[in-house]
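Here is a note for someone opening this structure for the first time. Please read the points in order.

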Amino acid sequence: MKKLDSFFIKSCDQFQMQTLANKVVSRIRGGGRGSVFTSGLFSDLGDARPVGMILSRLTADGTIRRLAHGLYEYPREHPELGTLSPDIEKVAKALAGKDRIRLQPAGAYATNLLGLSEQVPAKVVFLTDGPSRTVKIGRQEIQLRRTTPRNMAAAGRLSGSLMQAFRHLGKEHITPARVEHLKRTLPAKERQQLLKDLRLAPAWMHPLFRELA
């Protein structure tokens, strides 16, 4: 009788794990190729330990890729190039959600996002209101740098990215051609919002913000 009970319990455990695994895989696939996530995505499905075991198995069989501690990707595949590099913005969003922090693109990365530079930096910098840390993903390095509340006041908005890009370039390198590029590529509705954040920008940027708005 005890053997039967033991067999029944073991069978139930296996069934529950398989059911949980199916839910985890379904949720990963639902995010689409290229999605980046943490184990927190599955917090409503049950205990962290079995979810962690399932993620380890999926990593081992190549279904997902572990980017850093607690950070995963459902990788994109190219017929000729193979597995593609993860999307930095998606990585940043996952990190922000995991640690409940805000991030603001800065430096060369901010200029690249706005199309003011074609150079893709090997070191991507985000300002944050959370702790400073560095996340290495292959050859790519993502630096989170803790900064002042003022520098984070416009985080997540166009004005925040423009301020960081303009700071990186310097006043003398913000040419009429670059301003015209921003006018062509940035939605007019977003540019109009710049006036609301004018007080957050350094005085030398005010004429630029007004022209763009």
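1. Helices (H or I, at least four residues) and strands (E, at least two) are DSSP runs, numbered from the N terminus. The model is predicted, so local features need pLDDT of at least 70 and side-chain atom pairs count only at pLDDT 80 or more, while totals for chains, interfaces and linings use all residues. Residues are numbered from 1 along each chain as its sequence is written, and side-chain values use heavy atoms, with hydrogens and water left out.

2. Is L144 buried or exposed? L144 counts as buried because its relative accessibility is 2%. Buried means under 20% relative accessible area, exposed over 50%, and partly exposed in between (1.4 Å probe, protein chains only). Contact means heavy atoms within 4.5 Å. Leaving aside neighbours within four places in sequence, L144 is in contact with I101, L103, F126, T128, P131, S132 and R133. V124 is 20 residues away from L144 in sequence, and their C-alpha atoms are 8.6 Å apart.

3. Next, the open spaces. On a 1 Å grid over the protein atoms alone, a cavity is a set of points where a 1.4 Å probe fits but cannot get out; a pocket is an open set with protein on both sides within 12 Å along at least five of seven lines; lining residues have an atom within 4 Å of a point. Grid points are joined across faces, edges and corners, and a volume is the space filled by probe spheres set on the points.

4. The largest pocket holds about 300 Å³ of space. It has 14 lining residues, and V36, F37, L41, K93 and A94 are the closest to its centre. At least two lining residues come from each of α1 (2-31), β1 (36-38) and α3 (88-99). The largest share, five residues, is from α3.

5. The second largest pocket holds about 200 Å³. Its lining includes E89, Q104, L113, R157 and E190. β6 (103-106) and α6 (158-169) each give at least two residues to this lining.

6. How many cavities of 30 Å³ or more does a search of the whole structure find? The search finds one. The largest cavity has a volume of about 50 Å³. R150, N151, A153, A154, G160, M163, Q164, R167 and L200 line this cavity. α6 supplies the largest share of the lining, four residues.
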